[in-house]
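Subject: Structure handover

Hello,

Here is the structure you asked to take over. Please open it beside this email and follow along.

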Amino acid sequence: MASVKAATWIGSISVLFWGTLALLTKLSGGEIPEFQLMAMTFGIAFLLMCCRWLLSGHTGVRYLSQSPLAWCIGVVGLFGYHFAYFKAMTLAPAVEVSLLAYLWPLLIVLLSALLPGEKLRIQYIVGAVVALAGCWLLISRNTDGFAWENLPGYVVALSCALIWSSYSVLSRLVRTVPTDAVGWFCGVTAILALICHLLWEETVWPEGEMQWIGLVGLGLGPVGIAFFTWDYGVKHGNIQLLGTLAYSAPLISVILLIFAGYGEATFAVLSASILIVIGSLIAGRAKSRAVAEPEMLTD
C-alpha cells in the first residue's frame, strides 16, 4: 500500500504543474501557433528526458524497444489529445471546448473500474461529479451557453476527454513499460506536431526574455515533468483518486492568474474552490476506507 500511496503522490505532482499552464501560456505571449508551441514544448520535454538518460550514463536507446500497444497508447494519447483539442478550438468557442474536454477526469474514474483488480466505489463517482461541478462553475463564467451550430466542435472536444482518459486508463495495462519510454513518446509527438505546423501554420518566434521563460517553463513543467509523473501515477497509484484530484488544475490556474494580476477573485472562484475541495475530500475518504477494509479483515 505504501508504494501505491507514493505513486499517487507522484502522480498528483502533474496536477500542480498543469495548474501553471494558463500562467505560463500567458507569459509566453499567447501568439505562438498551437502546433508550433506543441512541437517546441514536447521537444523540450524530450530533451529533459535526454538529460536524465545522459546523467544515468546511457542514451535512452534501450527504451525504444516497446510493444506496438505501448507505442500506440503513448503517441495517440499525447499527440491525439492535443490535435483534437486544437481542432475543437477552431470549431467551437474556447470556453465550451474546455468544459467538455474536462470531462476526462470523470471518465478516468468510470473507465478505471474496467481494469483488473479495480473496484468502482460510489464515493469516487460522487467526489468526481462534485469536483466536476466546481470545475464547470469556474470555467463557464464567460460562456453564453451551448449552440447547435457548434456541434462538430463539441463532438471533437468530447473526443479529447475520451482520448486522454483512455490513455490514462490503458497505461495501466502496460505498467511494465518504464516512464523513461514516455520521453520517446514526447519526441515522436514533437515531430508530428512540427509536421502539422509546417503544413498549416506560419512560424512565430517568442519576443523577449519573458516569453522565452514562459515557453521553456511550459516544456519543463506542464508538458515535461507533468507527463512523466502522470505516467508513473496512473500506472502504479490510485488512478481513481488521481482522476478526482485532476479537477484541482483549473482552480490552481485561476488562483495563480489572480496572484499574478491577470484575474480577480470572485464569488464563482470561491464557490468552485469549495466544490473541488469537497469532491477531493470525498474521493480521499473513499481511498482511506479502501485501505482500512483489508486491515479489518486481517484483524
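**Salt bridges**

Lysine 235 and aspartate 231 both sit in helix H10 (residues 208-236), 4 residues apart, which is about one turn of the helix. Helices here are DSSP runs of H or I with at least four residues, strands are runs of E with at least two, and both are numbered from the N terminus. The side chains of lysine 235 and aspartate 231 form a salt bridge, at 3.1 Å from N to O. A salt bridge here is a side-chain nitrogen of Lys or Arg within 4 Å of a carboxyl oxygen of Asp or Glu. Side chains of opposite charge can pair when their charged atoms come close. Lysine 235 is buried, and so is aspartate 231. Buried means under 20% relative accessible area, exposed means over 50%, and partly exposed is in between (1.4 Å probe, protein chains only).

Before you go on, note that this is a predicted model: local features need pLDDT of at least 70, side-chain atom pairs count only at pLDDT 80 or more, and totals for chains, interfaces and linings use all residues. Residues are numbered from 1 along each chain as its sequence is written, and side-chain values use heavy atoms, with hydrogens and water left out.

How many salt bridges are there by this rule? The count is 3.

Next, take aspartate 180 and arginine 52. They form a salt bridge, with their closest N and O atoms 2.8 Å apart. This pair links distant parts of the chain, 128 residues apart. Aspartate 180 is in the loop between helix H8 (151-170) and helix H9 (181-200), while arginine 52 is in helix H3 (residues 34-55). Aspartate 180 is buried, at 8% relative accessible area. Arginine 52 is partly exposed, at 45%.

Then look at arginine 172 and glutamate 118. Their closest N and O atoms are 2.9 Å apart in a salt bridge. Here too the pair links distant parts of the chain, 54 residues apart. Arginine 172 is in the loop between H8 and H9, and glutamate 118 is in the loop between helix H6 (104-111) and helix H7 (122-139). Arginine 172 is buried, with a relative accessible area of 12%. Glutamate 118 is partly exposed, with 25%.

**Cavity and pocket**

Both terms come from a 1 Å grid over the protein atoms alone. A cavity is a set of points where a 1.4 Å probe fits but cannot get out. A pocket is an open set with protein on both sides within 12 Å along at least five of seven lines. Lining residues have an atom within 4 Å of a point. Grid points are joined across faces, edges and corners, and a volume is the space filled by probe spheres set on the points.

The count is 1 cavity of 30 Å³ or more. The largest cavity has a volume of about 50 Å³. Its lining includes Asp231 and Lys235, along with Tyr167, Ser171 and Phe185. Which helix supplies the largest share of that lining? H4 does, with 3 residues. Helix H4 (68-91), H9 and H10 each supply at least two residues.

The largest pocket holds about 1600 Å³ of space. It is lined by 44 residues, and the closest to its centre are Leu21, Ala22, Thr25, Tyr85 and Ser98. Elements that give two or more residues to the lining include helix H2 (21-27), H3, helix H5 (94-101) and H7. H12 gives the most, with 6 residues.

**Cysteines and one serine**

Cysteine 135 is buried, at 0% relative accessible area.

Serine 166 lies in helix H8. It is partly exposed, at 21% relative accessibility. Leaving aside neighbours within four places in sequence, serine 166 is in contact with Leu111 and Ser171 (contact means heavy atoms within 4.5 Å).

**From the record**

UniProt, in an unreviewed entry, lists "domain: EamA" at residues 11-139 and 152-282. UniProt positions use the numbering given here, feature names are shortened, and annotations may be inferred rather than shown by experiment. Residues 11-139 are 74% helix and 0% strand. Residues 152-282 are 79% helix and 0% strand.

Best wishes
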